[in-house]
Amino acid sequence: MSGLAMVLRQRGFAVSGSDKSNNPSINNLKDLGINIFKEQAASNISQLSEDKNEQLIIVISSAIRQENEELKEAYEKNLKILHRSDILAFLIKQQYSILIAGSHGKTTTSTIITTILGKANQDPTAIIGGIVPYYNSNAYVGKGKFLIAEADESDGSLTKYDGDIGLLTNIELDHTDYYTNIDSLINTIKKFTKNCKKIVANYDCNNLRKACPDKTIWWSTNEFKNINFAAIPKIMNGQITLASYYENGKYIDDISISLPGVHNLNNTLGAIAACRSADINFSDIKPHVSSLKCPERRFQFKGIWKGRQIVDDYAHHPSEIRETLSMARLMINTKKSILPMAADRIVVIFQPHRYSRTRDLITEFAKNLGAADLVILTPIYSAGEEPIKGITSEKLKSCTLANNPNLPIFTCKQLRDLENIINLKTRENDLLLFMGAGDITKVSEKLSKKIK
């Protein structure tokens, strides 16, 4: 929402909004002259609607409930109400668009595409779900022809977008509050592919092979024959990945990226495939691949607290946990790391996100959390959902122990108890890996501020 607000304001629209937070994104909006109300109250709408010279349009996300005071007032005044996807669809039609969709890796892949195009003097416009280090913002309004945007599948709204290039990272069942099964998600992705002029997709994902049309442009990190774009790993450790890069089965060059892990190689290759499909020369891409950075909250190093390294990560799906832990383990096993110190143990501090996701994927969560050396679970972050009977962090703990009876695993009743448990149960040279899409990041921020 903040990214949309920034782009609209810089394109001449009057924009207002409401948010209790006072974070860098909000401060950026204020610097642009956007009016930010501190509370979501009916009086905000009344105040804005008094201006008879301007048409007031209310923009909401799927997170806004019908009982929201601002929304109820908008209905009462019979104002025009649009979903955020309607605004993004409007912006997409203005430029040559590269839309990134998929269950995992959207924000990282979007960030890499935006960074490559920015460094290649394409000056793109970008609306991203995380902070892009190259621009230090989740949105940027450029003067070039490209618009880079994430196409969110969580509520099915990506079917509204008509993209020039649609990039698909992978498909896996998630957002079970919206999708009843994997087939319903695949059907939504099929609709999205029909709206895009080109589809660039990850061949290594079996579900994408079911969803994508015949003329799909494929990429792979496993094979290069009969694949449009491939990067086959040669060296992988906790600092770099070196891979042989192919186009249409022909070896082109070696590429080196400083983002460890197969998933990051896959994200980078997807970004390269999108840029090449948009007719960007490989010679304009390669110089910038070795210096790429992930968006914020993607294995983000926060500092060293009492001899423990703090890393903050957005992972909230079992597969994301698996890949992030695999990358952390690679650093420990190879004794090469993007972090300042060599760690002895991986301590996962996980905040489950949504009762529905925890219920429907609890077996997968339990399996993948077992790859840690120690686990601390916080209460479930509801994300607006009502509690589901029997679905708790204690239940997740029991399932995890059933698979890994010797794993040290602890729960806390409240987020504010977390620091005390970390103090008692962890030790120097531990890697404290904070994971989740909720407010778990507040704890890592609090600890990082105590670093001297």
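Predicted model: local features only at pLDDT ≥ 70, side-chain atom pairs only at ≥ 80, totals over all residues.
**Entry: the nonpolar cores**

I began with the largest nonpolar core, which has 42 residues, and I noted that Y161, L168, F192 and L208 are those with the most contacts inside it. I then looked up which elements supply at least two residues each to this core, and I found among them helix 1 (2-10), helix 7 (182-195), strand 10 (198-202) and helix 8 (206-211). Apart from this core lies another one, of 38 residues, which includes I128, Y135, Y245 and A271. As general background, I wrote down that nonpolar side chains tend to be buried together in soluble globular proteins.

**Entry: L208**

Which residues does L208 touch? Leaving aside residues up to four places away in sequence, I listed L168, T169, N170, I171, A201, N202 and W218.

Next I followed an open sheet of six strands, whose order is 15-16-20-17-18-19 and whose pairing is mixed. Strand 15 (300-305) and strand 19 (409-411) stand at the edges with a single partner strand each, so one side of each is left without a neighbour in the sheet. Direction ignored, neighbouring strands of this sheet are turned by 20 degrees against each other on average.

Within the sheet I checked strand 17 (residues 345-350) and strand 20 (residues 430-435), which pair in the parallel sense over six bridges, and I saw that V348 stands opposite L433 in strand 20.

**Entry: helix 15**

Finally I looked up helix 15 (residues 418-425), which lies across strands 15, 16, 17, 18, 19 and 20 and runs at about 165 degrees to strand 18 (374-377).

Conventions: Residues numbered from 1 in each chain as written. Heavy atoms only, no water. Core = buried A, V, L, I, M, F, W, Y, C linked by side-chain atoms within 4.5 Å. Buried < 20%, exposed > 50% of the residue type's maximum accessible area, 1.4 Å probe, protein only. Helix = DSSP H or I, 4+ residues; strand = E, 2+ residues; numbered from the N terminus. Contact = heavy atoms within 4.5 Å. Pairing = 2+ DSSP bridges. Axes fitted to C-alpha atoms, helices over the stretch in contact; angles between N-to-C directions.
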